[in-house]
Amino acid sequence: MQRIKRAGVLGAGVMGATIAAHMANAGLEVVLLDIVPKELSEEEKQKGLTLDSPQVRNRIARQGLESLYKTRPAPFLQNDYARLIQVGNLEDDLDKLSHCDWVIEVVVENMDIKKKVLPNVAAHLKEGAVLSSNTSGLSINEMATALPREVRRNFMVTHFFNPPRYMRLMEIVGCDEADPAVVRNMAEFLNKRLGKGIVYCKDTPNFVGNRIGVYSIAKSFRHMVDLGMSVEEVDAVAGKPTGRPKTAAFKTTDLVGLDTMAHVAKNSYDNLPQDEEREAFLLPDWVDTMLRNNQLGDKTKQGFYKKEKTSEGEKRYYFDYEAGEYKPVQKPKFESLKLAKMAPTTGECLKAVIQGEDKAAEFAWRNLRDTLLYAFKRIPEIADDIVNIDNAMRWGFNWELGPFEMFDAIGVDYFVSRAEKDGLQVPAKLKGIECFYKVEGGSRYFLDIQNDVFREVPSKPEQIDLNLIKKAGGVVEQGDNSSILDLGDGVFCLEFHAPQNAISDDMLDMTMRCAERAEREGTAIVVGNQGERFSVGANLFLLAGGVQEGQWDQIDQTINKFQQATMALKYCQVPVVAAPFWMALGGGCEFCLHSDAINAYMETYMGLVEMGAGLLPAGGGVKELCLRAVEMEETYGVSSQDLLFKFFQNIGQAKVSQGADDAFNLGYMRKGDSVTFDIDSLLGDAKQKALALAANYRPRHPRPIKAPGRDVAASIKSQLWNMKEGNFITEYEYEMGGEVAHALCGGDVDPGTLITEQYLLDLERDGFIRLCKNQKTQERIDHILKTNKPLRN
C-alpha cells in the first residue's frame, strides 16, 4: 500500500477544505493552500495590515480551515484534528509541497485554470509523489499535457464526492501514462485509510457516477412533464420504493444544488456529441428560470422545495413548475406504493412498483427502463465492467441497488419484453442475458459483458460477506430476527437481522445460546451484522403494549432477560468483540459496552438514548458506566465523581457520539478499542481482533466494587434541584434525573459500600419500572411511536 504521511490540498473552498479535514481524520498531516487575496478586507485595513502581511496572504486558506468548525454535517471526526492542517498560499508556500507524498488539486472546475496551476505545482513535487485532480468530469489526459513526463507517471483523478467524510465513492482515473502499479497502490490507500469505495473509470465526461446519476435525474424531469406529475409526486416514487435514497430526484437536486446539477448536465451535453441520449441532458426551459431566480436548493433556502416558519409551526412547499409558484406539500399517495411497502426486499419492492397500474408505477418503469438501458450501453465506454457501475451508483448516489442489480431484481427477460412493447430498440446483446450476477460455492460472480463470461467479484482478503457465508452453508443456528454464523477459525458471528435491528425477546435467547455454543465449540464471538444499522435498541412497540396493559411483572422479566443476555456476553469464556456501525443506540450500545472490545466503523453513532423516551437504560448500560468510573479511580486515582457527573450528563441528555472517535470522548469506547474506516473490512477487522484476544484470553469474573454511594447521588440531585427551581427543567425531568443518579451511584448506601453487579442491575430494573409507570413517560413512548422522533431533555 502507498505509504502516505503528508498531503497537500490546493484550493480551500468547500470541497478542498472538507477533503483536507477528512485527510486529517485519517491521521495525515495536511498543507492547505489557496490563492493570495488581491484586496484587503475592512478588518485588515483597521488592523493596519498590508497585502504583504502573512495573515493577509494566507487569509483564504485560513478562512477555509475556520469554516470547517461551522460546516454541517461535521467534516471532522473530532475538531481537534484541525491541528494537523497547516495553511498557506500558492505563491509563498509551494515549497512546502516538496515534503508531501500526495498532492491533490481542488481548484475551480475550469480546464484552463487547472492547466495553469498544475505545472507550477509539479516543479515542487518530491520524487515519487502522487499528483491528482479532484475534477468531477474534466479530462485527466488533457490536464496531463501541461505536466512533465516524469510527473504524468503518478498523475490521476481522485474524485471525492461531497461531503468527503460521509460519501463513500472515490472515482479513480489514471492518465494514459500513469503507472498502473501507482494507481493500484493509491486506490488501496484511499480504501484502507480514508474508507473510500473505489470505482475505476474511463477518461470520459463526468466519469461514472455523475454520468448515470444526472442522466437518471434529467430523465425524471422529462417523464414528470410527460405524465403531468408534480415534483412531490415524482419524489414519492423515485426514492425508497425504487431502491434510491429517500431524497429521491428533486430533494437530491436541492441537496446538491440545482446549479451544480445543471452544470454537470451541460458538461455532458457539450462534451458527448456521439451519445445517443445526448438530448436528455438538456433540461426544461423552466429550470433556467429557477436558476435566474436563485432557486438553487438548500443553499439558497429555496429550490424544488422550501420551508417557512410560521406562528403555527414549520410549513413546507413544493415548486409547481407549470404555475411557477410554490404550493403546500400534499404528501401524495399511490396504490402501487402501498402494495410495494409489503415487499420484504428492495428488489421485490422495485418489481412490485413497476408492475403497478397508476402513474407512479408508470413513472418508475419509464425512468428505470431508460436509466438501465443507458447504463448497459455505457460499457466499455465509461467503465470496463458492471461492478464498477453498480458500485458507483450505490456509493455515490446512495442507490440501494446498482443498475445491473436492478436488472436482476426486475428480471432481464421481463425488462426486455416490456421495453420492446414500448417501442424501444433493445441491444441484441442484452436479449441473450439471463442474469448479471450469480452466487456459486460461496462466491459472487458478475457477467463480463465484453467477453460473455462470469468472473468473481473482486474482494479483499479481510472482507467478510455474511450473505455469501449463509449461501455457503455457514448458518449454525437461525431465528426470525437473529442468527449464529460461522466466520471460520472458530469465530462465531451473532448476527441481528430484524427491522432496524430492534432487539426483541428471541434475539436475547439467541445471544445466550451463542455464548453457550462458543464456549463449547469456538474460540471467539463477533457481534455484528450488515444491515442498515447495528441496532436502534430495544423494540419500543413491544414495550408499549406491556406498558399500556400494566404488565409490570412481564416487563420486569423481559428486562431481566436483557440483562442476562448482556452479562452472558461479558462473562463468556471466549472473547467477544462488537462491530457497531451507523446507529448503536440504547440496547445496541449496551451490547457493545459488555463486549471485551469494540471494533467500530468510523461512522458509529453510539449512545444510551433511553431518556429520550423517559426510560432508564436497563440492559446493564448504567451499571457498566458506574463500573468504569470506579475502575478508573482504582487504577489511575482520578476522581470517580467527575466521571460519574460526565456519565450522568451522557445518559440524562441522551448524548450520541458524532462518530466512533467521539465515542471515546463519551466513555463508550476505551483504550484498546479500534476504528475501521473501510466498512467492507469491519467484520474482518473485528474477527482479527477477536482472534488476537483469544490467543491469550483470560475470562472476566464478577467482583464486588466500592459504591460511589448516596453522597455523589445527592450532589447530582442537588444540581438537578437548582435547575428545577430555576425553571430550567420540569418536575418530571427532575424525577427522571433522580432515577439516573440513584442507579448510577449505587443506590442509597454509604460511599465505599461493597456492591455487586447484580445489585446495580436490580437498581436499573427497578428504576426502569418506576419510570414506566409514570404517565408522562407513557406519553413520550406514544409520541415516539407516532412520530419516530424522541423528545430531548
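Visitor: Does E521 count as buried, partly exposed or exposed, and what is its relative accessibility?

Guide: Buried means under 20% relative accessible area, exposed means over 50%, and partly exposed lies in between (1.4 Å probe, protein chains only). E521 has 46% relative accessibility, so E521 counts as partly exposed. This is a predicted model, in which local features need pLDDT of at least 70 and side-chain atom pairs count only at pLDDT 80 or more, while totals for chains, interfaces and linings use all residues. Residues are numbered from 1 along each chain as its sequence is written, and side-chain values use heavy atoms, with hydrogens and water left out.

Visitor: Which residues form salt bridges with E521?

Guide: Side chains of opposite charge can pair when their charged atoms come close. A salt bridge here is a side-chain nitrogen of Lys or Arg within 4 Å of a carboxyl oxygen of Asp or Glu. E521 meets R517 in a salt bridge of 3.4 Å, N to O. E521 also forms a salt bridge with R520, where the closest N and O atoms are 3.5 Å apart. R517 is buried because its relative accessibility is 18%, whereas R520 is exposed with a relative accessible area of 56%.

Visitor: Where do E521 and R517 lie?

Guide: Helices (H or I, at least four residues) and strands (E, at least two) are DSSP runs, numbered from the N terminus. Both E521 and R517 lie in helix α22 (residues 505–521), four residues apart, which is about one turn of the helix.

Visitor: Which parts does the salt bridge between E757 and K570 tie together?

Guide: The closest N and O atoms of E757 and K570 are 3.1 Å apart in their salt bridge. E757 lies in helix α32 (residues 757–772) and K570 in helix α24 (residues 552–570), so the pair ties together parts that are 187 residues apart in sequence. E757 and K570 are both buried.

Visitor: How many salt bridges does a search of the whole structure find?

Guide: The search finds 67 salt bridges. Salt bridges also link R211, D275, E276, R378 and E381 in a network.

Visitor: What span should helix α12 have?

Guide: The expected span of a helix is 1.5 Å times one less than its number of residues. Helix α12 (residues 258–271) has 14 residues, so α12 should span 20 Å, and its end C-alpha atoms are 20 Å apart, which agrees.

Visitor: Which residues of α12 are buried, and what covers them?

Guide: The buried residues of α12 are L258, M261, A262, V264, A265, N267, S268 and Y269. Contact means heavy atoms within 4.5 Å. What covers these buried residues includes α9 (209–227), α11 (250–256) and α13 (285–292).

Visitor: What is the order of the strands in the open sheet of three strands?

Guide: Strands of a sheet pair through backbone hydrogen bonds, either parallel or antiparallel. Two strands count as a pair if DSSP finds at least two bridges between them. The order in this open sheet is β9-β10-β11, and the pairing is antiparallel. At the edges are β9 (305–310) and β11 (325–328), each pairing on one side only. Neighbouring strands of this sheet are turned by 40° against each other on average, direction ignored. Between β9 and strand β10 (residues 313–320) there are six bridges, and the bridge partner of E308 in β10 is K315.

Visitor: What joins β15 to β16?

Guide: A hairpin joins β15 to β16 through three residues. Strand β15 (residues 475–478) and strand β16 (residues 482–486) run antiparallel and are joined by three bridges. E477 stands opposite I484 in β16.

Visitor: Which peptide bonds here are cis?

Guide: Most residues other than glycine have a negative phi, and most peptide bonds are trans. Cis bonds in this model include the one from R72 to P73, with omega near 0°, and the one from N162 to P163, also with omega near 0°. P73 is in the loop between α4 (59–67) and β3 (85–89), and P163 is in the loop between β6 (155–160) and β7 (169–174).

Visitor: What is the phi of N501, and of W582?

Guide: Phi of N501 is near 50°, a positive value in a residue other than glycine. N501 lies in the loop between β17 (491–496) and β18 (502–503), and N501 is buried, with a relative accessible area of 3%. Phi of W582 is also positive, near 50°. W582 lies in strand β22 (residues 582–585) and is partly exposed, with a relative accessible area of 30%.

Conventions: Axes fitted to C-alpha atoms, helices over the stretch in contact; angles between N-to-C directions.
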